[in-house]
Amino acid sequence: MGNIKQDFVKFENVDKSYDGKVLVVKDLNLDIAEGEFLTLLGPSGSGKTTTLMMLAGFETPTNGEIYLDGSPISSIPPYKRGIGMVFQNYALFPHLSVYENLAFPLKVRKMDKVEIEDRIKRTLDMVSLSEFGNRMPAQLSGGQQQRVAVARALVFDPAVVLMDEPLGALDKNLRESMQYELKSIHEKLGVTVVYVTHDQSEALTMSNRIAVFNDGNVQQLSSPSDLYESPSNSFVAQFIGENNTFTGIVKEISGDKALIQTDSGETIKAKAVSVSSIGEKTNLSLRPERVMINPENDVENHFECEVKEIIYHGDHIRLRVNLLNNSEFILKIRNSDKLSDVSTGDKIKLGWSSSDCRALD
Ligand code: ADP
Ligand code: MG
């Protein structure tokens, strides 16, 4: 890791407003390491595409500066930034063959014929399309067209590749296989990728790190596992994966643990993640797979409740129960014979460890 530039791409205090009033990106500070696969993840309208467009050079920051490999880029036009781009709607040239589509960025860069041929061959091989050079885009499937778009973004050896929801138009199976393909291309080339998606499972699968966007702000910047296991606020906890939530008031704090009185009057011991004072309101957040049936005595939180619904999912089973005024409380249990004798209407004992229940702001 020693020689890798940790701030190969750098956003420094970047604001963006389209109308001179509302900031759609607010004081963005973000370092992207050389060779990293970094994903901007967030709901629609949260500022992801705007951030990418500023890096590409199609939009200008209202304040702040963006640096590429140490140099400010605001005065460099898009085509001189050495950045490849892939969009959701392929944007291939429809009247050019696959080969000519790939040749385009190389001719713009005035490469010689031999080098152009060599690069196109290598790149088409990489996306498993070596037999397709003579096809027109309309003669390809959606997945193949998107592989051509990826090849075209990579063929000139860009320093950075930007991808904005590139798999959004593909069906689920194809999208998943393309996720693996893009990830393996990234690993092979070691190119820096800045990827945009609103799909959390796609972000978790592909990224080295994820920046969670909401309303023009980065809410959390972490590895996929940290984001899932240790969300730092309730927006991130709700956005990534599934959660049971309760609201309550902080009654006691000691070390990293807190006692919370829920709105229904029960006491829950939780991990004090972003609460610091007695009397503070908090959102508790608990993953369905962290809830245990018939927990051991040393598990801090114990409750009894009635099973409302049992939903079979093959590899796991979901139980819906009514707990502490939450009628949508979900348990996710591995499919094992432990559950074979539970039916709707049964009373069960359940519980969870304080370290799995996060008290967030
Ligand atoms: P995302 O990609 O996360 O969905 P965008 O960056 O596209 O979000 O949009 C962020 C906000 O900026 C939205 O409120 C959107 O309506 C607004 N916006 C995006 N592009 C433009 C534009 N060209 N002119 C004016 N407003 C825009
Ligand atoms: Mg967008």
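These are my notebook entries on side-chain contacts looked up in a predicted model.

**Entry 1: Ser285**

I started with Ser285 and looked up its place in the fold. Ser285 belongs to strand β14, which covers residues 281–286. Is Ser285 buried or exposed? I noted a relative accessible area of 4% for Ser285; the cut-off for buried is under 20%, so Ser285 counts as buried.

Next I looked for side-chain partners. The side chain of Ser285 makes a polar contact with that of Asn243, at 2.7 Å. Leaving out residues up to four places away in sequence, I listed what Ser285 touches: Ala237, Asn243, Asn244, Asp356, Cys357, Arg358 and Leu360. I kept Asp356 from that list for the next entry.

**Entry 2: salt bridges**

How many salt bridges does a search of the whole structure find? The search gives 20. Side chains of opposite charge can pair when their charged atoms come close.

I have Arg290 down as partly exposed, with 31% relative accessibility.

I then turned to helix α3, residues 113–126. Asp118 and Arg122 form a salt bridge there, 3.4 Å from N to O. Both residues lie in that helix, 4 residues apart, which is about one turn. Asp118 has a relative accessible area of 41% and is therefore partly exposed.

I checked accessibility at both ends. Asp157 is exposed at 55%, whereas Arg119 is buried at 11%.

**Entry 3: aromatic rings**

I moved on to ring pairs and recorded a count of 7 aromatic pairs. Why is the pair of Phe37 and Tyr195 called tilted? Their planes stand at 40°, with the ring centres 5.3 Å apart; planes under 30 degrees apart count as stacked and over 60 as edge-to-face, so this pair falls under tilted. Phe37 lies in strand β3 (residues 37–41) and Tyr195 in strand β8 (residues 192–197), so placed that the pair links distant parts of the chain, 158 residues apart. I found both Phe37 and Tyr195 buried.

Phe235 and Phe239 make a stacked pair, 5.6 Å from centre to centre and with 10° between the planes. Both are in helix α8 (residues 234–239), and because they are 4 residues apart, about one helical turn separates them. Phe235 is partly exposed at 23% relative accessibility.

I also noted a cluster in which ring pairs link Phe246, Phe303, Phe329 and Trp352.

**Entry 4: charges over rings**

Arg109 has its charged end over the ring of Phe156, 3.6 Å from the ring centre. Arg287 has its charged end over the ring of Tyr228, 3.9 Å from the ring centre.

How values were computed. Residues are numbered from 1 along each chain as its sequence is written. Chains are lettered from A and ligands numbered from 1 in the order in which they are written. This is a predicted model: local features need pLDDT of at least 70, side-chain atom pairs count only at pLDDT 80 or more; totals for chains, interfaces and linings use all residues. Side-chain values use heavy atoms; hydrogens and water are left out. Helices (H or I, at least four residues) and strands (E, at least two) are DSSP runs, numbered from the N terminus. Buried means under 20% relative accessible area, exposed over 50%, partly exposed in between (1.4 Å probe, protein chains only). A polar contact is a pair of N or O atoms within 3.5 Å; within protein, one must be able to donate a hydrogen and the other to accept it, and residues adjacent in sequence count only if both atoms are side-chain atoms. Contact means heavy atoms within 4.5 Å. A salt bridge is a side-chain nitrogen of Lys or Arg within 4 Å of a carboxyl oxygen of Asp or Glu. Rings of Phe, Tyr and Trp (its six-membered ring) pair if their centres lie within 6.5 Å; planes under 30 degrees apart count as stacked, over 60 as edge-to-face and the rest as tilted. A charge sits over a ring if NZ of Lys or CZ of Arg is within 6 Å of the ring centre and within 35 degrees of the ring normal.
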